[in-house]
Amino acid sequence: MSNTKALPLLGSGGPDGQGAAPCCPPLTERPMNAEEAETAARMFKALGDPVRLRLFSAVASHAGGEACVCDISDVGVSQPTVSHHLKKLKEAGLLTSERRGTWVYYRVEPSVVAAMGRLLTAAPAV
């Protein structure tokens, strides 16, 4: 049993009106509190493994915005290891999946990716 949680998103519209609000404020806005730091760390920890990052990139860049596991499993590790890494990405809230017959199709969770981007976006210089 895993103790990993999906990243919470606050509401359906961020302060800028573009998608979900990030789980945490932009790094340049203010220091994170402990809960925000834990939430962001789970997301980045999931992407901190080179195989997971390659799988995430393969799904994100795949035509149509989704990829069958059969199309992205060539990352230099065994199929059970690919499944393990995809599971970790799902648990972190970065991917969603849908079973179609014998295959599973993965999609990047766009609201989480937008939140990640806003977290890392620096405030404009004044």
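Helices α2 and α4 are roughly perpendicular to each other, a label for angles of 65 to 115 degrees. The axes of α2 (residues 50-61) and α4 (residues 79-91) cross at roughly 75 degrees and come within 10 Å; axes are lines fitted to C-alpha atoms, for helices over the stretch in contact, with angles running from 0 to 180 degrees between N-to-C directions. Helices (H or I, at least four residues) and strands (E, at least two) are DSSP runs numbered from the N terminus.

This is a predicted model, where local features need pLDDT of at least 70, side-chain atom pairs count only at pLDDT 80 or more, and totals for chains, interfaces and linings use all residues. Residues are numbered from 1 along each chain as its sequence is written, and side-chain values use heavy atoms, without hydrogens and water.

Now look at who meets whom. From α2, V51, R52, L55 and F56 touch V82, H84, H85, L86, K88 and L89 of α4, contact meaning heavy atoms within 4.5 Å.

Next comes the sheet. It is open, with three strands in the order β1-β3-β2 and antiparallel pairing; a pair needs at least two DSSP bridges. At the edges sit β1 (66-68) and β2 (95-100), each pairing on one side only. From one strand to the next, the twist averages 25 degrees. Six bridges connect β2 with β3 (residues 103-108), and R99 has V104 in β3 as its bridge partner. Helix α2 returns here, lying across β1, β2 and β3 at about 85 degrees to β3.

Notes: Parallel < 35°, antiparallel > 145°, perpendicular 65-115°, else oblique.
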